[in-house]
Amino acid sequence: MGAVITWWGHATCTVQDSGVRLLTDPLFVRRFAHLRRRQGALPTADAAVADAVLISHLHSDHLHVRSLARLSPGTLLVVPRGATRSVPALRRLDARRNPRGLRIREVAPGDEVAVGPVRVRVVPAHHDGRRLPVGPHLSPALGYVISGQSRTYFAGDTGLFDEMAEAVGPVDVALLPVGGWGPGLGSDHLDPVRAAQALARLAPAAAVPVHYGTYWPIGFDGVRPHEFHTPGTEFVRQAELAAPGVTVHLLHHGESARTRVAR
């Protein structure tokens, strides 16, 4: 029993549970805007195969329209409430307008989505979820709890917040961001120390660090390189101190881990 987690880089993961494939925040390009993929091969074609795709918020490294266009027609796309209003390009992918488009469903914290035998519960995140740099603040940042044989929490982008453990509830696996795509992180992100503190609050059986070591600003290779290379290993060290009972799966790009849950 359990789930199989594959980390493709940044916040892009495949969660396989109960015969269902869910994909998080797909980003399938080598370069966009001022960022380039500095480490890890581009995801294989298998990465775009999913029964449903979960988008945590509207920042372009999490809701990337060109990557979404690679999904099979009819794929369920779960996005924060107001996304199609804030990101007009999404409308071209909507199956109601495009016969080869995606089935887009807007959600907010507290909503639940059924994907075959798996249920996806929408939970809050502490993050500025608007479409930057000038988008109105119309859409919340979200996390998701995927419940099948395992309960897998995908945090998206978030900072620590007082109600985190209560909002997320009991989980078996936590996919936690531990870094970013440039030097410096604000309080609405998790670095390795804050991610370990979140881990102690959530108390899952296992964790996978994500959102680090993939994209970096062009020309910034020599700027604070430790913030690019070390968040994963530093999270392992911090987790041993803050939550020693949690198994941390430190994955390479494209690598998978099977999480087993005894119930």
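Predicted model: local features only at pLDDT ≥ 70, side-chain atom pairs only at ≥ 80, totals over all residues.
Are Trp7 and Tyr212 buried or exposed? Both are buried. Keep that pair in mind as we go.

Let's start with the aromatic rings. The structure holds three aromatic pairs. I'll take two of them. In the Trp7 and Tyr212 pair, the ring centres are 5.2 Å apart and the planes meet at 15°, so this pair is stacked.

The next pair is Trp216 with Phe228. Here the arrangement is edge-to-face, with 5.4 Å from centre to centre and 70° between the planes. Trp216 belongs to strand E15 and Phe228 to helix H5, so this pair ties together parts that are 12 residues apart in sequence. Trp216 is buried, and Phe228 is buried too. Phe228 has another neighbour. The charged end of Arg38 sits over the Phe228 ring, 4.6 Å from the ring centre.

While we are at H5, look at His226. His226 lies in that helix. Its relative accessible area is 42%, so His226 counts as partly exposed. Now find Pro183. It is 43 residues from His226 along the chain, yet the two C-alpha atoms are separated by 9.1 Å.

On to helix H6. It runs over residues 231-242, which is 12 residues. From first C-alpha to last it reaches 16 Å, close to the 16 Å expected at 1.5 Å a residue. Which residues of H6 are buried? They are Pro231, Gly232, Phe235, Gln238 and Ala239. Look down the axis of H6 and these buried residues fall within an arc of 120°, so they line one face of the helix. The general background is simple. An α-helix has 3.6 residues a turn, so residues three or four places apart point the same way. Turn to the other side of H6, and Glu240 and Leu241 are exposed.

What do the buried residues of H6 pack against? There are two helices on the list, H4 (192-202) and H5 (226-229). The strands are E13 (173-177), E14 (206-210) and E16 (247-248).

That brings us to H4. Buried here are Pro192, Ala195, Ala196, Ala198, Leu199 and Leu202. Around the axis they cover an arc of only 155°, which puts them on the same side of H4. These buried residues pack against strands E12, E13 and E14, and against helices H3 (164-168) and H6. Just past the end of H4 comes Ala203, with a positive phi of about 55°.

Asp25 lies in the loop between strand E3 (20-24) and strand E4 (31-32). Its relative accessibility is 0%, so Asp25 counts as buried. Ala33 has a positive phi as well, near 50°. Ala33 is in the loop between E4 and strand E5 (35-37). How accessible is Ala33? Its relative accessible area is 61%, so Ala33 is exposed.

His64 is in the loop between strand E6 (52-54) and helix H1 (65-68). At 7% relative accessible area, His64 is buried. Its side chain makes a polar contact with the side chain of Ser67, at 2.8 Å. What else does His64 touch, leaving aside residues up to four places away in sequence? The answer is Pro26, Leu27, Val29 and Phe32.

Last stop, Ser150. It sits in the loop between strand E11 (142-147) and strand E12 (151-154). Ser150 has a relative accessible area of 0%, so it is buried. The Ser150 side chain reaches the backbone nitrogen of Ala3, at 3.4 Å.

Another is H6, with its buried residues along one face. And then there is Phe228, with the charged end of Arg38 over its ring. Thank you.

Methods: Residues numbered from 1 in each chain as written. Heavy atoms only, no water. Helix = DSSP H or I, 4+ residues; strand = E, 2+ residues; numbered from the N terminus. Buried < 20%, exposed > 50% of the residue type's maximum accessible area, 1.4 Å probe, protein only. Polar contact = N/O pair within 3.5 Å; in protein donor to acceptor, adjacent residues only side chain to side chain. Expected span 1.5 Å × (residues − 1). Arc of directions from axis to C-beta. Contact = heavy atoms within 4.5 Å. Phe/Tyr/Trp six-rings, centres within 6.5 Å; stacked < 30°, edge-to-face > 60°. Lys NZ or Arg CZ within 6 Å of the ring centre and 35° of its normal.
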